[in-house]
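Here are some quick notes on the pockets, for you to read alongside the model. Have the viewer open as you go through them.

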Amino acid sequence: AANHGWPDNDYFGRVRNELASKGVFDLATEKQQRDDFAKRKQVMASTSASVSAAASSSSSSSTDAPAGSGGAAAAGGADNDDAERARIQAELADVSSGLTAAMQAGDRDKIKELMAARSRLQAELRALDI
């Protein structure tokens, strides 16, 4: 009879786990996720700017390139996006299975870690769609 009834000492722990599984965190965790997303967005923007600058300088410096070669380079970029998208989706699948295991074990720290990883990967997918 000691493990049943009121007060239920594990109630709030179960509520936190359920909320974390739905993507609801405390304010500090949400702020950290927003900050991480903003940093990744800046890094991706600066990386794409440097890549496009390098591409424009290489295309202007090589005037011997055939006129149709730009389309092939653009298709290669699409292939890179597809490969990156596939990599991210595979990682998301791994994170999802890890989340299931962590939730079954009640490991809140692991759940938070995996939820942050899932948010990061989803942000990367959204950035590829932009």
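1. Starting with the second largest pocket: its lining residues split into five nonpolar, two polar and four charged. Keep in mind that we're looking at a predicted model here.

2. If you want to find that pocket on screen, pick out Arg16, Asn17, Leu19, Ala20, Val24, Phe25, Asp26, Thr29, Arg108, Ile111 and Lys112, which line it. Two elements, α1 (11-21) and α4, each give two or more residues to this lining. Of the elements, α1 gives the most, with four residues.

3. How much volume does the second largest pocket have? The computed figure is about 200 Å³.

4. Now for the largest pocket, which comes out at about 650 Å³. The elements giving two or more residues to its lining are α2 (27-61), α3 (69-105) and α4 (108-129). So much for the outline; the residues come next.

5. Which residues lie nearest the centre of the largest pocket? They are Met44, Ser48, Asp81, Ala127 and Leu128, out of a lining of 18 residues. I'd centre the view on those five names.

6. Which element gives the most to the lining of the largest pocket? That's α2, with eight residues.

7. By class, the largest pocket is lined by nine nonpolar, three polar and six charged residues.

Notes
Residues numbered from 1 in each chain as written. Predicted model: local features only at pLDDT ≥ 70, side-chain atom pairs only at ≥ 80, totals over all residues. Heavy atoms only, no water. 1 Å grid on protein atoms, 1.4 Å probe; cavity = no way out; pocket = protein on both sides within 12 Å on 5 of 7 lines; lining within 4 Å. Points joined across faces, edges and corners; volume = space filled by probe spheres on them. Nonpolar A, V, L, I, M, F, W, Y, C, P; charged D, E, K, R; others polar.
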